[in-house]
Amino acid sequence: MSKNMPSLPTQADDMRMQMALRQIDFGAAPRPVAPPPAPAQTPQDRLALKRQDWLMEVQERQRALSPYASGLLTAENLSGEDFLHSFYAPGRPVLIKGAIAHWPALARWTPDYLAETIGEAQIEYQGGRSRAQDYELKKDKHRKRAPFRQFIALARKGGNDAYLTASNSAANGAALAPLEADLGPIDAYLTRAPGMVWIGGEGTFTPLHFDLTNNLLAQVTGTKRVILLPPSQTRRLAHRSHVFSEVRDVTDEARLTLHPQARDVLRYDVLLTPGDLLFIPIGWWHQVRSESFSTMLTYTNFHWPNVGHENYPAG
Ligand SMILES: O=C(O)CCC(=O)C(=O)O
């Protein structure tokens, strides 16, 4: 596995042995996708949901007994097989240091280079964010267009107002295509489908939410602080609209005063630096703050099924 993980040198070997013992299950047909559960209507339904939350918390406490089963691991040179067995299939996050450090983009993607390369091409970004709290939930209201050079000038200023995010990627594919030459493949985990570009200044903030896919974040320029919380913490996070938490920011004292149950949540703080990959499994809560001008890509095109979004009970 990783030369950075001296406490777990035999995990992959153990895993291979266990898998070999279970080979008999490998040919089994995939299980059909269950229909979304009916909404809780009766007091018994609501009690059943509370019991589900209870079980998730008990299981989390049990996982904490072992570093093999819990915590946020950091890896280097993680093979596709080890990524699948130790992280992707169990739905466990991992920070993979330096995995894309060799990409030409790492040395090139400064604000000046980006502005020169994309120039006046029209792009879409998320704007007017500092006047709103719900800019992620109402992302369509915040779609703005501008020549790329103008957007970069906004991003250089810093703050949370302007951010080019994954939700703009469908509109920006052609305009940002020249940047693809600066990237490389991540063949161990992903197919060759393009990633979604994020560009923003110091201070962009993505509030607490989870995604409906497994995601791989690839940090190119600058640093980001990512806070990850396991799905077992959901009961404490005022999950009321779509995939968002009303807590918004577990580091903000004012929000914690409104939502005191979120004060002692189990969380993992990650500093994402250039060259790193961060795997965020489906359903894991996260919030992200840029500490500097930042560029990043996100990918969902894993070699393995990435399902769940198609039958999420959206409410
Ligand atoms: O980097 C960010 O600001 C947010 C990334 C994120 O939350 C995601 O990809 O789901």
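Biologist: Which ligand atom is 3.2 Å from an N or O atom in the side chain of H209?

Modeller: In this predicted model, an oxygen atom of the ligand is at that 3.2 Å distance from the H209 side chain. A polar contact is a pair of N or O atoms within 3.5 Å; within protein, one must be able to donate a hydrogen and the other to accept it, and residues adjacent in sequence count only if both atoms are side-chain atoms.

Biologist: How far from an oxygen atom of the ligand is a polar side-chain atom of D211, and what about K224?

Modeller: For D211 the distance is 2.5 Å, and for K224 it is 2.8 Å. The protein covers 97% of the 300 Å² of accessible area that the ligand has on its own (Shrake-Rupley method, 1.4 Å probe; for residues, only the protein chains shown count as cover).

Biologist: Which elements give two or more residues to the shell around the ligand?

Modeller: Those are β7 (205–209), β14 (285–290) and β15 (294–299), strands being DSSP runs of E with at least two residues, numbered from the N terminus.

Biologist: Which residues are around the ligand?

Modeller: Among them are Y163, W198, H286 and M296, each with a heavy atom within 4 Å of the ligand.

Biologist: Changing topic, what share of the protein is buried?

Modeller: Buried residues, under 20% relative accessible area (1.4 Å probe, protein chains only), make up 45% of the 315 residues.

Biologist: What are the conventions?

Modeller: Residues are numbered from 1 along each chain as its sequence is written. Local features need pLDDT of at least 70, side-chain atom pairs count only at pLDDT 80 or more, totals for chains, interfaces and linings use all residues, and side-chain values use heavy atoms, with hydrogens and water left out.

Technical notes
Buried means under 20% relative accessible area, exposed over 50%, partly exposed in between (1.4 Å probe, protein chains only). Helices (H or I, at least four residues) and strands (E, at least two) are DSSP runs, numbered from the N terminus.
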